[in-house]
Amino acid sequence: MGFLDKLISKEAQEKIKATVKSAAEVAEEKLKEAAELAEEKKKEASSQSAYSPAQVAADNGEEYSSSSNAPRLVKKHKEPIIPFTGTVGSDVSKNNSVEYIEDLINKNLPGIEIKKNVNISAANAEPGKKYVPVDLVLIKDSKPVLALIICSKNKYRLYGVINTMNACEEKGLPAIRFFKEFENKPEYVIGRIKAVANF
């Protein structure tokens, strides 16, 4: 019987080794497939999120031109931003909305009046140029002090946005953008507004 035990034991060991080896090969193959699938999804996602000015313009009914006659910002605001400590947060849950920014301003900047959806360019609009409404215009002491456009990161270069910001700047009204996809922490939003509006 001892011989049979050894034979079964040896045979069982071989089966166990073969089963383990087979399972390891199957697992390795599944891992390779999963890695390839993950790589394909990563490539697909990056190609979809890649910024294409021509595609964005086409999606928004604009004709894209990479020539020098494409609008450029007349003023880029690069003021140093100091996060405003002690900022009161917003009750609006979506930090990518106009209402969120408006709520932050109302809670943290007393004495500032806000006008929404202001058509800045109506009086001086040039024929053939596109414009967008300014989401928020901040007013202090009855004087407009800052224009805010809240837009997607793939739309901030649209001609309508650039033309509107330039129209504001030409009227002496600083204009800045906030991107919906960014975190827009309250202390950053208020700090940036204070830096650009200089109050």
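Me: Why does phenylalanine 179 count as buried?
Reply: This is a predicted model, and in it phenylalanine 179 has a relative accessibility of 17%. Buried means under 20%, so with 17% phenylalanine 179 gets that label.

Me: And what makes phenylalanine 182 partly exposed?
Reply: Its relative accessibility is 44%. The partly exposed class runs between the buried cut-off of 20% and the exposed cut-off of 50%, so phenylalanine 182 belongs there.

Me: How do you know that phenylalanine 179 and phenylalanine 182 form an aromatic pair, and why is it called edge-to-face?
Reply: The structure holds three aromatic pairs. In the one formed by phenylalanine 179 and phenylalanine 182, the rings sit 5.1 Å centre to centre, with 90° between the planes. Pairing needs centres within 6.5 Å, and planes over 60 degrees apart count as edge-to-face, so both labels follow for these two rings. Phe179 and Phe182 also share one aromatic cluster with Tyr156.

Me: Is glutamate 25 buried or exposed, or in between?
Reply: In between: glutamate 25 has a relative accessible area of 44%, which makes it partly exposed. Glutamate 25 lies in helix H1, residues 2-49.

Conventions: Residues are numbered from 1 along each chain as its sequence is written. This is a predicted model: local features need pLDDT of at least 70, side-chain atom pairs count only at pLDDT 80 or more; totals for chains, interfaces and linings use all residues. Side-chain values use heavy atoms; hydrogens and water are left out. Helices (H or I, at least four residues) and strands (E, at least two) are DSSP runs, numbered from the N terminus. Buried means under 20% relative accessible area, exposed over 50%, partly exposed in between (1.4 Å probe, protein chains only). Rings of Phe, Tyr and Trp (its six-membered ring) pair if their centres lie within 6.5 Å; planes under 30 degrees apart count as stacked, over 60 as edge-to-face and the rest as tilted.
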